[in-house]
Amino acid sequence: MSIKDAIYSRSQAFGGLTALIGTRFYNTQAPQNTAMPYVTYQIVSADRHHVMSVDTLGQPRVQFDSYGTTRASAEDVNTQVVAAFNRWKGTVASVVVKDTVIESDGIDVQSDDLSLIPRVTSEAFITYEL
């Protein structure tokens with residue numbers, strides 16, 4: 001399994017998040033005409049930690065984008081994303097997650113442009129065993 005599988009599994013195991021979005025948690029982009037609210041995520045960078053010339057840990061930066069029909073609903077979803085992933089650790093989908101830290105919480109993306117779908121972005125570093 002991959003870190004992407006672990007991220008998806010975590011999203012589905014967190015009741016507060018699934019209560020809002022169900023299974024509408026997508027890698028990179030949601031299908032066209034997806035019901036709201038939903039979350040997309042993407043790995044922005046994928047750093048590795050090297051010990052004695054061996055890659056031992058991965059530490060990707062993951063961007064979560066929470067979408068809603070209103071700014072408030074996007075913020076509610078983002079709150080649950082942060083709750084689900086901040087300080088997350090354990091074995092999920094056979095991936096050993098050592099720790100997760102939210103680096104930016106609730107960036108309001110272009111809130112002044114009312115023509116855009118309301119979106120709130122958070123980013124996390126997830127440290128896991130390779």
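Glu 123 and Arg 61 form a salt bridge, with the closest N and O atoms 2.7 Å apart. This is a predicted model, so please take every value I quote as computed from it. Glu 123 sits in strand 6 and Arg 61 in strand 3, residues 54-67, so this pair ties together parts that are 62 residues apart in sequence. As for burial, Glu 123 has a relative accessibility of 17%, and because the limit for buried is under 20%, Glu 123 counts as buried. Arg 61, at 22%, counts as partly exposed.

The side chains of Arg 119 and Asp 65 meet in a salt bridge at 3.5 Å, N to O. Arg 119 is in strand 6 and Asp 65 in strand 3, and they are 54 residues apart. Is Asp 65 buried or exposed? Asp 65 is buried, with a relative accessible area of 4%.

How many salt bridges does a search of the whole structure find? The search gives 4. I will go through one further example, Asp 99 with Arg 87, where the closest N and O atoms are 2.6 Å apart. Asp 99 belongs to strand 5, while Arg 87 is in the loop between helix 3 and strand 4, and the two are 12 residues apart. Asp 99 counts as buried at 17% relative accessibility. Arg 87 counts as partly exposed at 46%.

Stay with Arg 87 for a moment, for its backbone. Arg 87 has a positive phi of about 65°, although it is not a glycine. Arg 87 comes after helix 3.

Now helix 3 itself. This helix covers residues 71-85, which is 15 residues. From its first C-alpha to its last it reaches 21 Å, close to the 21 Å expected at 1.5 Å a residue. Which residues of helix 3 are buried? They are Ser 73, Ala 74, Val 77, Asn 78, Val 81, Val 82, Ala 84 and Phe 85. For anyone reading that list against the structure, an α-helix has 3.6 residues a turn, so residues three or four places apart point the same way.

From that list I pick out Asn 78. Asn 78 has a relative accessible area of 4% and is buried. What does Asn 78 touch, leaving aside residues up to four places away in sequence? The contacts are Ser 66, Asp 105, Gly 106, Val 120, Thr 121 and Ser 122. With Asp 105 there is a polar contact of 3.5 Å between the side chains. Asn 78 and Tyr 67 are 11 residues apart in sequence, and their C-alpha atoms are 8.4 Å apart in space.

Next, the strands that follow the helix. Strand 4, residues 90-92, and strand 5, residues 95-108, run antiparallel and are joined by 3 bridges. Val 92 stands opposite Val 95 in strand 5. The hairpin made by strand 4 and strand 5 has 2 residues between the strands, and in this hairpin Ala 93 takes a positive phi near 50°.

Strand 5 is also joined to strand 6, residues 119-129, by 8 bridges, and these two run antiparallel as well. Here Ile 102 stands opposite Ala 124 in strand 6. To put strand 6 together: strand 6 pairs with strand 5 through those bridges, Glu 123 in strand 6 is linked to Arg 61 in strand 3, and Arg 119 in strand 6 is linked to Asp 65 in strand 3.

Last, the loop between strand 1 and strand 2. Strand 1 is 25-27 and strand 2 is 38-51, and Pro 37 lies in the loop between them. Is the peptide bond from Met 36 to Pro 37 cis or trans? The bond is cis, with omega near -5°. Asn 33 is in the loop between strand 1 and strand 2 as well. Phi of Asn 33 is positive, near 65°, in a residue other than glycine. Asn 33 is exposed, with a relative accessible area of 75%.

Methods: Residues are numbered from 1 along each chain as its sequence is written. This is a predicted model: local features need pLDDT of at least 70, side-chain atom pairs count only at pLDDT 80 or more; totals for chains, interfaces and linings use all residues. Side-chain values use heavy atoms; hydrogens and water are left out. Helices (H or I, at least four residues) and strands (E, at least two) are DSSP runs, numbered from the N terminus. The expected span of a helix is 1.5 Å times one less than its number of residues. Buried means under 20% relative accessible area, exposed over 50%, partly exposed in between (1.4 Å probe, protein chains only). Two strands pair if DSSP finds at least two bridges between them. Contact means heavy atoms within 4.5 Å. A polar contact is a pair of N or O atoms within 3.5 Å; within protein, one must be able to donate a hydrogen and the other to accept it, and residues adjacent in sequence count only if both atoms are side-chain atoms.
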